[in-house]
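Look at the sequence and the structure below before reading on. The text then goes through them step by step.

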Protein chains: 2
Amino acid sequence: MSGREGTRAASKVGPPDRFEVGMDHRMPELLEQLRKAVGESHVVSGDAVGDDYTHDEALTSVPVTPLAVVLPGSTDEVSEVLKVASQHGVPVVARGSGTGLSGAAVPVADGILLAFLRMRRIREIDTENQVAVVEPGGTLEQLNAELAPLDLIYPVSPGEPSASLGGNVATNAGGMRAVRYGVTRHHVLGLEVVLADGRVLRTGGKFVKCSTGYDLTQLLIGSEGTLAVTTEVTVKVQPRFSVSSTVLAPFGTLAEIAHAVPHIVRSGIDPSILEYLDVVVMGSITQASGLELGIPEEVKAGTLAYLIVVLEGMDADRVDEDVERLGTLLDELGARDVYVLPAASGAQLVVARERAFYAGKAAGCDDLVDAVIPRAAIPDYLAQVAVLAEEHGAFVTGCGHIGDGNVHVTVFQPDDERRHAFMRAGFELALAAGGAISGEHGVGTAKLPYFLEMQDPVSLELMRSIKQAFDPAGILGPDRLLGTVHAGPTRAGATS
Amino acid sequence: MSGREGTRAASKVGPPDRFEVGMDHRMPELLEQLRKAVGESHVVSGDAVGDDYTHDEALTSVPVTPLAVVLPGSTDEVSEVLKVASQHGVPVVARGSGTGLSGAAVPVADGILLAFLRMRRIREIDTENQVAVVEPGGTLEQLNAELAPLDLIYPVSPGEPSASLGGNVATNAGGMRAVRYGVTRHHVLGLEVVLADGRVLRTGGKFVKCSTGYDLTQLLIGSEGTLAVTTEVTVKVQPRFSVSSTVLAPFGTLAEIAHAVPHIVRSGIDPSILEYLDVVVMGSITQASGLELGIPEEVKAGTLAYLIVVLEGMDADRVDEDVERLGTLLDELGARDVYVLPAASGAQLVVARERAFYAGKAAGCDDLVDAVIPRAAIPDYLAQVAVLAEEHGAFVTGCGHIGDGNVHVTVFQPDDERRHAFMRAGFELALAAGGAISGEHGVGTAKLPYFLEMQDPVSLELMRSIKQAFDPAGILGPDRLLGTVHAGPTRAGATS
């Protein structure tokens, strides 16, 4: 249902006994009320629940079949579903396209999965105010397809065009273009959400600034479905650049790239993309996409890492000039060579880099680090991670949004205990460097143990009390982000 | 203490009886503990409290003398003060430079005013990560003075260079450059704050993106001192543009300017400043600053509004080219003429526009509208406001950040009741247009009645429960933003 095939093995995990026991006698009534809320054909339960609904793209989470998949068609229907869920104390997990990497959209066995396939319209493109209003199931590719003829773009590009706007809001999705344009949080101007008890809340609007009370829009962004269910997203859009140029620079070491990046950022050249890839990732993504960049073997031989820089603008002469300046700068900063890629290969390379996760997954990687650290700390951090990997018998490859300090390390270590120890130590290093566990994927279920263990207890306590304020019964996204467990009558009944 | 003279009349309002009665027997103990926390000489009370501490720049709020002004010198001292305040149930209001326009820094009579004159250092400028770390009393002019030799700038420019970073965080300050660079919220990467009970919380860090739990940084920004007291601000800084050009375009009507703006925004020219001024404001600010722009009388005669556009860049040729394009565009969009101002007059005009508030104040204006609405709704909104003004016998002049939809209307109507009715109706129009009460000044005490009356009750309830989560005893910034009243032992005692 995510626009891609389910990539998980078919072995679904059914609801554990304790939930079934608790639900069995209420189940017919619950399903009846849900069908009344959204229509007979929009409630799916039991064996009819498709595999794709049981997981997202997180590498480490186990597929779970929910009690029911519910497909609302409107905000009112979402509200009705949440009232029913509240009444029964049944947890609710929201799912956009299922392309998340943190397990935040994995259902709970005794809960409802709210899927937004019936709410995927682009409701409005307002060219005067330069905003778009989108339903939560609307995807990035849909939105940009409608914006393109108007010479507009929604520039947040988390690497998966089939991702939904609702999901992007939930994780505060980032991606390669964040170095210039910022992340989801910088583009969402307003939200309509439904609270756990079914009340509808509207925040923000078609304006780019506001100082009228606490910014609930910003609080909801990145809350991974634990505070409310998004039913409409208002985003800022912008003029689409007509010219783009992709520069590839091989470097002897990653440390040299990390050293070069602050100079590029400071130069005022303002790249739209600034990515590093180690040789392993470069090899795997070019192979996976059949891309031949024509880099001479003698250059490849001494290269351990690549820098990709994309410049964009409205004026070809200016972009050419900037490419020239960038080339000179990269030369001075120790690049082994500088290649301005032909337009087609440039675009292909960017797409191939976006698919790096899938290349890693195809190669059998076991987990993914998505830490964010101060940009200048990257060389030290990666050197320490390499030492850690050796200590824990893990093989790691890396790429990342080096302009943002967001590092993606692909981890190969099938042993759960050793991998967990490595991940834990890696996150500790990130925190010690002044960073955080997730730059853009979110905590979800996948990074939950690390988050609960390492996050500052004062901030955790405040987050829990915010959660309590929005969702006192804890029915929204239990067991993820904060690890709060819902305590409704159903589960209480189940354990009796 | 704000870097400007106290502009209020000297008539200080002392604590009302009900508070004095409650405090009298506790006062010596409280002062003793506060002196222990911050040092003898850093606690000021009674007649020693200077006029400047009794107010900020809000036009409608009444000066209030606090029980004590306390000047902490460190985060630890702030923490000690808040522990003492919590113990006594004494409210605390934080004050930066006192340049706010919403009354959020006006003390309460039975409370402590925390002033940050001893915490105004720029702690660090980190050129590699392009961030600065500033104490809450540090001002915008101080920060930019230290950034300038490094060719860096903090671009948020709320119009008052003596404003403090702590105050900017409290109100989510905006200003003229927001159309290109965004507001405070888009530049603050991390905070250190002290909670009401004295615990210290650190949020964010030297990174531009994060998806690791609820974004407490964003929640704290714009909370006007009601959730926590800021003790350190980490902001993103950026390369300083070397070239700037100011374009002035007179228009026959404001509606024509409003119509032109979306075309300019869409053109990709990306101005740093995009301001409108009506003829009254233009007349008063040029007169106040002695600025002669040399606009021919025959052009002035048919002009009702002016558009100021500032373009900035690193390359003089490019800025010149863009000015050329902008000129052609403005011509097509109906400007009566287009003037590229000499550098000195351009800079003077921008400063004069920044001082528009003071020109209005000097002319005796009674209140200020700072509504934000969708950009495209501005012409209708201002036309309706003009009708309203006539109905309520108010004289209004206007200027604003038209690129952002942030409208400043200066209101002359000395009668409280008639003015309140006009303001209320004006805010209702803004909300009906899909806007909000404050674009950048905040709610504070000045706009509190309007906010409580008109804000959606669901969002108000959520804000109150967030307030409750952070500050259960309600000692931080009572009677402002949310109108929550603290219920500590002192006030309870006072009413008995």
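This is a predicted model: local features need pLDDT of at least 70, side-chain atom pairs count only at pLDDT 80 or more; totals for chains, interfaces and linings use all residues.

Start with the relation between the two chains. Chain A is superposed on chain B by a rotation of 180° with 0.0 Å of shift along the axis, and the RMSD is 0.0 Å. The two copies are therefore related as by a two-fold rotation axis. Of the interface residues of chain A, 99% are also interface residues in chain B, so the copies meet through the same surface.

Next comes the interface itself. On the side of chain A, 77 residues are in contact with 76 residues of chain B. The size of an interface is often given as the accessible area lost when the parts come together. Between chain A and chain B the buried area is about 6,300 Å², and carbon and sulfur atoms give 57% of it.

What holds for polar atoms across this interface? The rule finds 35 residue pairs in polar contact between chain A and chain B, with both residues at pLDDT 80 or more. Several elements of chain A each supply at least two residues of the side that touches chain B: the strand β9 (200–204) and the helices α7 (216–220), α8 (254–266), α11 (316–332) and α17 (457–470). The largest share comes from α17(A), with 10 residues. Sorted by kind, the residues of chain A that touch chain B are 32 nonpolar, 27 polar and 18 charged.

Side chains of opposite charge can pair when their charged atoms come close. Between chain A and chain B the count is 12 salt bridges. One of the pairs joining the two chains is formed by the side chains of B:R199 and A:E461, at 3.0 Å from N to O. Over all chains the count comes to 60 salt bridges.

Other salt bridges join residues within one chain. In chain A, the side chains of A:E232 and A:R123 meet at 2.4 Å, N to O. This pair links distant parts of the chain, as A:E232 is in strand β10 (residues 229–236) and A:R123 is in strand β5, 109 residues apart. Are the two partners buried or exposed? A:E232 has a relative accessible area of 8%, so this residue counts as buried. A:R123, at 28%, is partly exposed. Both residues also belong to a network of salt bridges, in which A:R121, A:R123, A:E135, A:E192, A:R202 and A:E232 are linked.

Chain B has a salt bridge between the side chains of B:E312 and B:R177, at 2.8 Å from N to O. B:E312 lies in strand β14 (residues 305–313) and B:R177 in the loop between α5 (165–171) and α6 (178–181), so the pair ties together parts of chain B that are 135 residues apart in sequence. Both B:E312 and B:R177 are buried.

Another pair in chain B is found within one helix. The side chains of B:E297 and B:K300 meet in a salt bridge of 3.7 Å, N to O. They are three residues apart in helix α10 (residues 297–301), and therefore separated by about one helical turn. B:E297 is exposed, with a relative accessible area of 56%, while B:K300 counts as partly exposed at 31%.

A:Q130 is not a glycine, yet has a positive phi of about 55°. A:Q130 lies in the loop between β5 (122–126) and β6 (131–134) of chain A, and counts as buried at 3% relative accessibility. B:L481 is likewise not a glycine and has a positive phi of about 60°. Its place is in the loop between α17 (457–470) and α18 (489–495) of chain B. With a relative accessible area of 0%, B:L481 is buried.

B:L140 is buried, with a relative accessible area of 4%. Which residues surround B:L140, leaving aside its neighbours within four places in sequence? B:L140 is in contact with B:Y154, B:V156, B:P158, B:E160, B:P161, B:A163, B:L165 and B:N168. B:L368, in turn, is 228 residues from B:L140 in sequence and 23 Å from it in space, C-alpha to C-alpha.

Methods:
Residues are numbered from 1 along each chain as its sequence is written. Chains are lettered from A and ligands numbered from 1 in the order in which they are written. Side-chain values use heavy atoms; hydrogens and water are left out. Contact means heavy atoms within 4.5 Å. Buried area is the accessible area (1.4 Å probe) that two parts lose on being put together, summed over both. A salt bridge is a side-chain nitrogen of Lys or Arg within 4 Å of a carboxyl oxygen of Asp or Glu. A polar contact is a pair of N or O atoms within 3.5 Å; within protein, one must be able to donate a hydrogen and the other to accept it, and residues adjacent in sequence count only if both atoms are side-chain atoms. Helices (H or I, at least four residues) and strands (E, at least two) are DSSP runs, numbered from the N terminus. Ala, Val, Leu, Ile, Met, Phe, Trp, Tyr, Cys and Pro count as nonpolar, Asp, Glu, Lys and Arg as charged, and the others, Gly among them, as polar. Buried means under 20% relative accessible area, exposed over 50%, partly exposed in between (1.4 Å probe, protein chains only). Copies are superposed by least squares on the C-alpha atoms of residues with pLDDT of at least 70 in both.
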